[in-house]
Amino acid sequence: DPEGIKRLVTGGLFTASSMPLRVDYYRPLSGALNWLSFRLVHDSAPGQHAINLVLHVAVTLLLWRVLQAVAVPRRVATAAATLFAVHPATPDIVAYLGGRQDMLGWIIVLGATLALRRTERRWLASVIACVAFVAATFSREAFVIAGVLLPWVALAPREGSRRDWARAAAAAVGCVVGLGVVLGARAAFAIGFEPSVPHSLGERLGVFAAVLGRCVKDAIAP
């Protein structure tokens, strides 16, 4: 019922479900999408799968447009997007309900990429980056990587122009503000990551280094 939206916005992802999990995921946008999908098709398996397929089509089309926006030839962009759409690795995300949080995040990030490529106003680049960062992170925490991707997109030169460092800086500022919004919302609703046992500073730094290394290897370097 409509009261469910309030619970999804003010609590962790699993607090509004019957799943007996104690994980402090704060994904109000993903939760709202699941709430809306149930309002639309209820517990119809074909209906829920159809929604996931629509999201997958949206991601594919946005990828196709982004590739062309960064000067990839149309034929190459079409071939790449088609391969993405049918590659055997793709159904891992599309096939199950929880995967839609990833597709939702990529729709936001790719849409922001197109918007950043089209705007020359630095203040607008900052606003776009901020809104996209918050929305994507509210879909899934892993999209904090948007704080790296969006400034890089804003920096990339367009045809007949040089790298716009000022626009990239504006996008970076927007992402920092967005991070503040995300952390502020988690603090306001007391949603944090509390370890089950205390860890030393050295152990925490080791975990940070491992995660940062994986982020560089799997996301930034590719």
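**Reading the criteria in a predicted model**

Student: What makes the length of helix α6 agree with its number of residues?

Tutor: Helix α6 covers residues 100-118, and at 1.5 Å a residue its 19 residues should span 27 Å; the end C-alpha atoms are 27 Å apart, which agrees. The expected span is 1.5 Å times one less than the number of residues. Helices are DSSP runs of H or I with at least four residues, strands are runs of E with at least two, and both are numbered from the N terminus. This is a predicted model, in which local features need pLDDT of at least 70 and side-chain atom pairs count only at pLDDT 80 or more, while totals for chains, interfaces and linings use all residues. Residues are numbered from 1 along each chain as its sequence is written, and side-chain values use heavy atoms, with hydrogens and water left out.

Student: Why is α6 called largely enclosed by the rest of the structure?

Tutor: Of its 19 residues, 14 are buried, so the rest of the structure largely encloses α6. Buried means under 20% relative accessible area, exposed means over 50%, and partly exposed lies in between (1.4 Å probe, protein chains only).

Student: How many aromatic pairs does a search of the whole structure find?

Tutor: The search finds three. Why is the pair of Y26 and F138 edge-to-face? The ring centres are 5.3 Å apart and the planes stand at 80°, so the pair is edge-to-face. Rings of Phe, Tyr and Trp (its six-membered ring) pair if their centres lie within 6.5 Å; planes under 30 degrees apart count as stacked, over 60 as edge-to-face and the rest as tilted. Y26 lies in the loop between α1 (3-10) and α2 (28-41), and F138 in the loop between α7 (122-137) and α8 (146-155), so the pair ties together parts 112 residues apart in sequence.

Student: Why is the pair of Y26 and F189 called tilted?

Tutor: The centres of these rings are 6.2 Å apart and the planes are at 50°, so the pair is tilted. F189 is in the loop between α9 (165-188) and α10 (201-220), 163 residues from Y26. Ring pairs link Y26, F138 and F189 into a cluster.

Student: What makes the charged end of R27 sit over the ring of Y25?

Tutor: The charged end is 3.9 Å from the ring centre. The criterion asks for NZ of Lys or CZ of Arg within 6 Å of the ring centre and within 35 degrees of the ring normal.

Student: How many disulfides does the structure hold?

Tutor: It holds zero. For C175, the nearest cysteine sulfur, that of C130, is 8.0 Å away, and a disulfide requires a pair of cysteine sulfur atoms within 2.5 Å. The sulfur of C215 is 13 Å from the closest cysteine sulfur, in C175, which is too far for a bond.

Student: Which classes do C175 and C215 fall into?

Tutor: C175 has a relative accessible area of 4% and is therefore buried; C215, at 27%, counts as partly exposed.

Student: What covers the buried residues of α9?

Tutor: The cover includes α6, α7 and α8, contact meaning heavy atoms within 4.5 Å. Among the buried residues of α9 are R167, G174 and C175. The 24 residues of α9 should span 34 Å, and the end C-alpha atoms are 34 Å apart, which agrees.
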